[in-house]
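Please read this report alongside the sequence and the model. It takes up one residue first, then widens out to the rest of the chain.

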Amino acid sequence: MRPINDGHVAQPGLAMVEVAAADDETAFAVQELLATRWAIAPTDRTTHEPGEPGVRLRCFLDLRQQPGT
């Protein structure tokens with residue numbers, strides 16, 4: 001995965017969440033669950049590292065905002 005960008009965590013209330021899951025469906029379900037509680041910058045794809053189990057998904061949260069704002 002890409003390194004964490006300083007801008008994504010530059011202020012209190014900003015966070016980067018990386019989900020490790022067995023499959024895409026599970027990873028996207030976790031992202032959807034996070035989106036019901038906080039404003040997020042979602043992703044539309046997962047990554048898979050050769051030789052490692054499962055998939056990873058990275059999304060960015062803004063805890064200062066309500067979902068959809």
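## A21 and its contacts

Apart from neighbours within four places in sequence, A21 is in contact with T26, A27, G54 and V55. Contact here means heavy atoms within 4.5 Å. A21 lies in strand β1. Its relative accessible area is 12%, so A21 is buried. The classes are buried (under 20% relative accessible area), exposed (over 50%) and partly exposed (in between), computed with a 1.4 Å probe on protein chains only.

A21 and V55 stand 34 residues apart in sequence, yet their C-alpha atoms are 5.5 Å apart. T26 is found in helix α1. With 38% relative accessibility, T26 counts as partly exposed. From T26 to V55 the C-alpha distance is 9.4 Å, across 29 residues of sequence.

## Model and confidence

This is a predicted model: local features need pLDDT of at least 70, side-chain atom pairs count only at pLDDT 80 or more, and totals for chains, interfaces and linings use all residues. Residues are numbered from 1 along each chain as its sequence is written, and side-chain values use heavy atoms, with hydrogens and water left out.

The mean pLDDT of the protein chain is 86, and 83% of its residues reach 70 or more. pLDDT is the predictor's confidence in each residue, from 0 to 100. Confidence is highest in α1, at a mean of 96, and lowest in β2, at 90. Where pLDDT is low, the predicted coordinates should not be read in detail.

## Layout of the chain

The protein chain has 1 helix and 3 strands. From the N terminus the order is β-α-β-β. Helices (H or I, at least four residues) and strands (E, at least two) are DSSP runs, numbered from the N terminus.

Of the 69 residues, 22% count as buried. Among contacts in the protein chain with a separation of 6 or more, 61% join residues 24 or more positions apart.

## Helix α1

Helix α1 covers residues 24–35. The expected span is 1.5 Å times one less than the number of residues.

The buried residues of α1 are A27, Q31 and L34. Seen down the helix axis, they fall within an arc of 60°, so they line one face of α1. The arc is that of the directions from the helix axis to the C-beta atoms. These buried residues pack against β1 (14–21), β2 (39–41) and β3 (55–62). The face turned away from the buried side carries exposed E25, E32 and L33.

## Nonpolar core

Which residues make up the largest nonpolar core? It has 9: V19, A21, A27, L34, I40, V55, L57, C59 and L61. β1, α1 and β3 are the elements that give two or more residues to this core. β3 gives the most, with 4 residues.

A nonpolar core is a set of buried Ala, Val, Leu, Ile, Met, Phe, Trp, Tyr and Cys residues joined through side-chain atoms within 4.5 Å. In soluble globular proteins, nonpolar side chains tend to be buried together.

## Salt bridges

The structure holds 3 salt bridges. The criterion is a side-chain nitrogen of Lys or Arg within 4 Å of a carboxyl oxygen of Asp or Glu. The side chains of E18 and R56 meet in one of them, at 3.3 Å from N to O. E18 lies in strand β1 and R56 in strand β3, so the pair ties together parts 38 residues apart in sequence.

R58 also forms a salt bridge with E18, with the closest N and O atoms 3.1 Å apart. This pair links distant parts of the chain: R58 is in β3, E18 in β1, and they are 40 residues apart. E18 is partly exposed, at 33% relative accessible area. R56 is partly exposed too, at 29%. R58 is buried, at 11%.

R64 pairs with D62 in a salt bridge, the closest N and O atoms being 2.8 Å apart. R64 is partly exposed, at 48% relative accessible area. D62 is buried, at 11%.
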